[in-house]
Amino acid sequence: MKNSDFSTETQPMNYVMRLFISDNAVNSRIARENLSNFLAEFPQHSFQIEIVDLYLQPEMALQNGIFITPTLQILAPQPGGIIYGNLSDRNALERILQIG
């Protein structure tokens, strides 16, 4: 067995997310900034983020059962999940993304 078989580094992951925001509302701006700062700490992973502004696309809220903004929806990897709020809770992001 090689030493690399026991590596503590995680394999690069591909994450697909959808961030629902309300135009330029304060909490929406904070959520975008918090998410950007958090993800920048993990350059080894790939992040695809779709920003959905509910002022411009209200039908997306109905289609996805979103009634609060900001909301981060994790589409991949499974099992996915949802976080509500401005994403200031780093522990919640780490848990739902299984990262950190």
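Mentor: Keep in mind that this model is predicted.

Trainee: What do β3 and β4 form, and how many residues lie between them?

Mentor: They form a hairpin, with 4 residues between the two strands. Gly80 sits in the turn and has a positive phi of about 75°.

Trainee: What makes β3 and β4 count as paired?

Mentor: Pairing needs at least two bridges between the strands. β3 and β4 have 4 bridges, so they count as paired. The sense is antiparallel. In this pairing, Ile74 stands opposite Gly81 in β4.

Trainee: Where is Ile68 found?

Mentor: Ile68 is in the loop between α2 (58-64) and β3 (71-76).

Trainee: Why is Ile68 called partly exposed?

Mentor: Its relative accessible area is 46%. Buried means under 20%, and exposed means over 50%. The value for Ile68 falls in between, so the residue is partly exposed.

Trainee: Which residues make the nonpolar surface patch with Ile68?

Mentor: Leu62, Phe67, Ile82 and Tyr84 make it together with Ile68. The patch covers about 590 Å². Patch residues need over 30% relative accessible area. Ile68 has 46%, so it passes that cut-off.

Trainee: How many helices and strands does the protein have, and what pattern do they follow?

Mentor: There are 3 helices and 4 strands. Along the sequence the pattern reads β-α-β-α-β-β-α.

Trainee: What percentage of the residues count as buried?

Mentor: Of the 100 residues, 33% do.

Conventions:
Residues numbered from 1 in each chain as written. Predicted model: local features only at pLDDT ≥ 70, side-chain atom pairs only at ≥ 80, totals over all residues. Heavy atoms only, no water. Patch = residues over 30% accessible without salt bridge, like charges linked within 9 Å, V, L, I, M, F, W, Y side chains within 5 Å. Areas by Shrake-Rupley, 256 points an atom, 1.4 Å probe, with all protein chains shown as cover. Salt bridge = Lys/Arg side-chain N within 4 Å of Asp/Glu carboxyl O. Buried < 20%, exposed > 50% of the residue type's maximum accessible area, 1.4 Å probe, protein only.
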